[in-house]
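I opened my notebook to look through one model, step by step. Here is what I looked up.

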Amino acid sequence: QVQLIESGGGLVQAGDSLRLSCAASSPTLNFPGMAWFRQAPGKDREFVAASERHGVYSDVADSVKGRFTISRDNDENTLYLQMNTLKPDDTAVYYCAAGSYSTRDSDYNYWGQGTQVTVSS
C-alpha cells in the first residue's frame, strides 16, 4: 500500500511563505502524476497543482499561479509545494495525491492525510 505523508503546514501571516512536502513510501517515478489539492471549510476539494512523472511538465490553478510552485525530487521520492505571498483565502487542508497526471481528483488513486495551512490577515 502506498503511503503519502505531508508536512510543512502551519499558521502564518498574509504575505508569508511556506513549503509543503509529501514523502512517498514508493518510488515517485511509479506515478505518472502527483498533485496537490486543498479543501477549505465548507468548500469542495479543489485542484492546486500537478507535476508529471519527470517534473518537466506541470499545471497550476489560476488562483495560485505566480505564487505557488510544484516540484518533485524523484531521488528522494518527495513532492513539494512552494507557496509564496500567501493570502487568507489560501487557508485550507492541503492534500498530496499520486496517480495519473491530471487536474481531476478522481484520477488520483493515493492520498495523504493532509496538512493544515492557516493564513491570518
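**Burial and surface.** I started with burial: 47% of the 121 residues of the protein count as buried. The model is a predicted one, so I read each value below as computed from that prediction. Next I looked up the surface. The protein exposes about 6,200 Å². Carbon and sulfur atoms supply 43% of that area.

**Elements.** How many helices and strands does the protein have? I found zero helices and 11 strands. Read from the N terminus on, the elements run β-β-β-β-β-β-β-β-β-β-β. I then checked the radius of gyration, which is 13 Å. The globule rule gives 14 Å for 121 residues, so the protein is as compact as a globular protein of that length. I also noted the box filled by the C-alpha atoms. Along the principal axes, this box is roughly 40 × 25 × 25 Å.

**Contacts along the chain.** Residues 24 or more positions apart account for 58% of them.

**Disulfide.** I looked for cysteine pairs next. A disulfide is a covalent bond between the sulfur atoms of two cysteines. The count for this protein comes to one. Which residues form the disulfide? They are Cys-22 and Cys-96, with their sulfur atoms 2.0 Å apart. I placed both on the strands. Cys-22 lies in strand S3, residues 18-24, and Cys-96 lies in strand S9, residues 92-99. The pair therefore ties together parts that are 74 residues apart in sequence. I looked up the torsion about the S-S bond of Cys-22 and Cys-96 too. It is about -75°, so the disulfide is left-handed.

Are these cysteines buried or exposed? Buried means under 20% relative accessible area. Cys-22 is at 0% relative accessibility, so Cys-22 counts as buried. Cys-96 is also at 0%, and it counts as buried as well.

**Glu-52.** Glu-52 is found in strand S5, residues 46-52. Its relative accessible area is 11%, so Glu-52 is buried. What does Glu-52 touch, leaving aside its neighbours within four places in sequence? I listed Pro-32, Gly-33, Tyr-57, Arg-72 and Tyr-101. I also checked Glu-52 against Gly-99, 47 residues away along the chain. Their C-alpha atoms are separated by 9.7 Å.

**Charges.** Last, I looked up the charges. The protein has 10 positive and 14 negative charges. The mean positions of the two sets are 3 Å apart.

Conventions:
Residues are numbered from 1 along each chain as its sequence is written. This is a predicted model: local features need pLDDT of at least 70, side-chain atom pairs count only at pLDDT 80 or more; totals for chains, interfaces and linings use all residues. Side-chain values use heavy atoms; hydrogens and water are left out. A disulfide is a pair of cysteine sulfur atoms within 2.5 Å. Helices (H or I, at least four residues) and strands (E, at least two) are DSSP runs, numbered from the N terminus. Buried means under 20% relative accessible area, exposed over 50%, partly exposed in between (1.4 Å probe, protein chains only). The radius of gyration is taken over C-alpha atoms; the globule rule is 2.2 Å times the number of residues to the power 0.38. Contact means heavy atoms within 4.5 Å. Accessible areas come from the Shrake-Rupley method with a 1.4 Å probe; for residues, only the protein chains shown count as cover. Lys and Arg count as positive and Asp and Glu as negative; His and the chain ends are not counted. The place of a charge is taken as NZ of Lys, CZ of Arg, CG of Asp or CD of Glu.
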